[in-house]
Amino acid sequence: MNVIGITGPSGAGKSLLCHFLENNNIPCIDADGVYHSLLVPPSDCLDAIRAAFGDGVMASDGSLDRTALAAIVFSDEKKLALLNATVLDYVLVRIRELIAQYRADGYTVVAVDAPTLIESGFDRECTEVISVLAPTEIRVERIMKRDGLGESAARARIDAQKKDSFYIEHSDAVLENGKNETEFISAAENILAKFLSFRQNGEGQNDKN
């Protein structure tokens, strides 16, 4: 099974690469989506977060108060590391289950979009790792628009994350996702043509239509 790991900081625009892969018949597993699916009570993952951060991150209906949790973890690097460590095993187990399901369905290539792909160690389970990066100001704009945050909150989120050099050091390839979508897709096509040699010999070609 060929697993393409996709990572990069918040606001870099990893979803654009995922859409490109899905349009080329390569399913993408969204680690954030997996995480959110594990927070529906009753949930062992949710209980673990509550134990780590206290009742202050819980809403009155027993669900997670994501705004309260974000305010804690994106202003403190150690708290962000604690959150990642708390939920990591739950998320990875589910991702591996989904990969197994795709394999059973006849797919031989799958992508995993995970912001902490490298920190979690899951990059070692990937055939190749692609990091998506973008200029800081573009990331700020994207985060503000996507998450409804003010500029200071968006910048705090960026400051709490790894620098570009971290992703460059730990990746097989890097894609710059600025404002030119056409150039980005062209670069993605070139990288995949290089990496996915299975398309030339048929060994790893997904047969699903």
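Guide: What follows is a close look at helix 10 and the sheet it packs on.

This is a predicted model, in which local features need pLDDT of at least 70 and side-chain atom pairs count only at pLDDT 80 or more, while totals for chains, interfaces and linings use all residues. Residues are numbered from 1 along each chain as its sequence is written, and side-chain values use heavy atoms, with hydrogens and water left out.

The sheet is open and has five strands in the order 2-3-1-4-5, with parallel pairing; two strands pair if DSSP finds at least two bridges between them, and helices (H or I, at least four residues) and strands (E, at least two) are DSSP runs numbered from the N terminus. Its edge strands, each pairing on one side only, are strand 2 (28-30) and strand 5 (173-176), and the twist from one strand to the next averages 25°.

Helix 10, residues 181-195, packs on this sheet by touching strand 1, strand 4 and strand 5, where contact means heavy atoms within 4.5 Å. The direction of helix 10 makes about 165° with that of strand 5; axes are lines fitted to C-alpha atoms, for helices over the stretch in contact, and angles run from 0 to 180 degrees between N-to-C directions.

At the start of helix 10, a side-chain oxygen of Asn 180 reaches to within 3.2 Å of the backbone nitrogen of Thr 182. As for length, the 15 residues of helix 10 should span 21 Å at 1.5 Å a residue, and the end C-alpha atoms are 21 Å apart, which agrees; the expected span is 1.5 Å times one less than the number of residues.

The buried residues of helix 10 are Phe 184, Ile 185, Ala 188, Ile 191, Leu 192 and Phe 195, buried meaning under 20% relative accessible area, exposed over 50% and partly exposed in between (1.4 Å probe, protein chains only).

Definitions and conventions. Polar contact = N/O pair within 3.5 Å; in protein donor to acceptor, adjacent residues only side chain to side chain.
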